[in-house]
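Please keep the structure in view while reading.

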Amino acid sequence: MRLYICIAVCCITLFAKAQNYKTVHKQAIVVDTHNDILSTSVEKKLKIDGNLLGRTHSDIERFKKGGIDVQVFSIFCDETFGKGTAFRFANREIDSLYTIAARNPGRVMMVSTPAELEQAVEQEKLACMIGVEGGHMIEDRLDYLDSLFKRGARYLTLTWNNSTDWATSAKDESAAQKAGKPLPHAGLNDFGKTVVKKMNDLGMMVDLSHVGVQTFWDAIQTTSKPVILSHSSVYKLCPVPRNVTDEQIKAVAKNGGVIQVNFYSGFLDSNYLNRRKALFASHRAEMDSLKNLNKGEYEIGDWLAQKYRKDMEKIRPPFSSIIDHIDYIVKLVGVDYVGIGADMDGVESLPKDINGIQDFPKITKALLAKGYSVDDVNKIMGGNFIRVFKANSK
Ligand SMILES: [Zn+2]
């Protein structure tokens, strides 16, 4: 009899815990600061208000399933766009997001202020925000920056992988260092500093994901408002130039900003990158023929990942790698400076058990299981980012 009582108590406890994480997740304002579904849907001619399960990491219905309250949609074009084309392309992507919002008034709402964000959450609609991923989209013009802000853009990533005339990227700075040929003008030049100050005046968050180390330090010294890293992870755990060092994490904390952890397997676990390299090397002939067709590095990666899905499946890092990166930042600087910028639909691989935006509740579950309090979880899942958004909007 005693055994039966014990089993019953265990079952009730487990059930309560399972219920608990769902309730905590539902009650938290969950924010993801980086999602590339807009570019992906344009490229693949998909409608994100349809059911895209199995084809993408996200669609409107799955944001709801994942308990996402606020999604920052990335406006993106690569380095092949420049003066005369990049700003126009950015506006077309912004148009597409407004069109999706207009088609789904009962489900989504465009927001550009903290008050609107709260209104959307209250009405249980997905709050859609705009982040522009790459300074090249302002084409060296402050009036274009102004215009993007007026259209609702609330962060600008100073560079993508390509440097601009006024800011150097992590990719270019690290390549120059590797080659032993330092760039003649690394970091922000005077115009770059003007861009940062103008963003502070407008109330547009300065996003330092993708930027080079020198650009990072120049921007941190120039900004008068807290910065964000919309989708970056920890260098110490996975040493790639896109991730941030302990010194950078400490500087962001001092600035009152926030680092939104990126879920890309290659930014979480360096074993993944080594295995991916070996896998792709075994298909060198295909890689070379794609190169001959003038396909870019990312397109080739994506193509191979799609074709060799089963092999890619085997090299995914464990789910715990996400929690390790969050926990590392918390242990280094406290719980107020970390959040989530998953990079869904912008990456070819995610850790095991994270197959799309619908799996976000697993993060809450894992944080609670690790001993994080409900208050801490609320901060990580969205509260920290909202604090920075508010500080920039004043
Ligand atoms: Zn990115």
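Two strands pair if DSSP finds at least two bridges between them. Strands (E, at least two residues) and helices (H or I, at least four) are DSSP runs, numbered from the N terminus. This is a predicted model, in which local features need pLDDT of at least 70, side-chain atom pairs count only at pLDDT 80 or more, and totals for chains, interfaces and linings use all residues. Residues are numbered from 1 along each chain as its sequence is written.

Strand β5 covers residues 153-157. On one side, β5 pairs with strand β6 (residues 205-207) in the parallel sense, over three bridges. In this pairing T157 stands opposite D207 of β6. Strand β5 also pairs with strand β4 (residues 126-133), again in the parallel sense, over four bridges. Here A153 in β5 is the bridge partner of I130.

Between β4 and β5 comes helix α6 (residues 142-150), and the three elements make a right-handed β-α-β unit. Right-handed means that, with the strands pointing away from the viewer, the path from the first strand over the helix to the second runs clockwise.

Burial is counted from C-beta atoms placed from the backbone: a residue is buried if 20 or more other C-beta atoms lie within 10 Å of its own, exposed if 12 or fewer, and partly exposed in between. Why is β5 described as largely enclosed by the rest of the structure? Five of its five residues are buried.

Strand β2 (residues 70-75) is mostly covered, since six of its six residues are buried. In a regular strand the side chains alternate between the two faces of the sheet. In β2, V70, V72 and S74 point one way while Q71, F73 and I75 point the other way, and all are buried.

Strand β2 has a parallel partner in β4, to which six bridges join it. F73 stands opposite I130 in β4. Another parallel partner of β2 is strand β1 (residues 31-35), with three bridges. There, D32 has Q71 in β2 as its bridge partner.

Strand β7 (residues 228-229) pairs with β8 in the parallel sense over two bridges, and I228 stands opposite V258. From β7 the chain crosses to β8 through helix α10 (residues 246-255), in a right-handed β-α-β crossover. Strand β9 (residues 338-340) pairs with β8 in the parallel sense over three bridges, with I340 in β9 as the bridge partner of V261.

**The nonpolar core**

A nonpolar core is a set of buried Ala, Val, Leu, Ile, Met, Phe, Trp, Tyr and Cys residues joined through C-beta atoms within 7 Å. The largest one has 97 residues, of which A90, C128, A219 and I259 touch the most other members. Helix α18 (residues 374-393) supplies the largest share of this core, seven residues.

Two residues are in contact if their C-beta atoms, placed from the backbone, lie within 7 Å. Leaving out residues up to four places away in sequence, the contacts of C128 include Q71, F73, L97 and V111.

**Helices α2 and α4**

Helix α2 (residues 37-44) packs against helix α4 (residues 86-103) at an angle of about 95°, with the axes 10 Å apart. Axes are lines fitted to C-alpha atoms, for helices over the stretch in contact, and angles run from 0 to 180 degrees between N-to-C directions. The angle makes α2 roughly perpendicular to α4, a class that runs from 65 to 115 degrees; angles under 35 count as roughly parallel, over 145 as roughly antiparallel and the rest as oblique. At the contact, L38, S39 and V42 in α2 meet E93, S96 and L97 in α4.

K45 lies in the loop between α2 and α3 (60-65), and E139 in the loop between β4 and α6. Neither is a glycine, yet each has a positive phi.

| Residue | Phi | C-beta neighbours inside 10 Å | Class |
|---|---|---|---|
| K45 | about 55° | 6 | exposed |
| E139 | about 50° | 20 | buried |

E297 is found in helix α14 (residues 297-307). Is E297 buried or exposed? E297 is exposed, because it has 11 other C-beta atoms within 10 Å. Its C-alpha atom is separated by 9.4 Å from that of M287, 10 residues apart along the chain.
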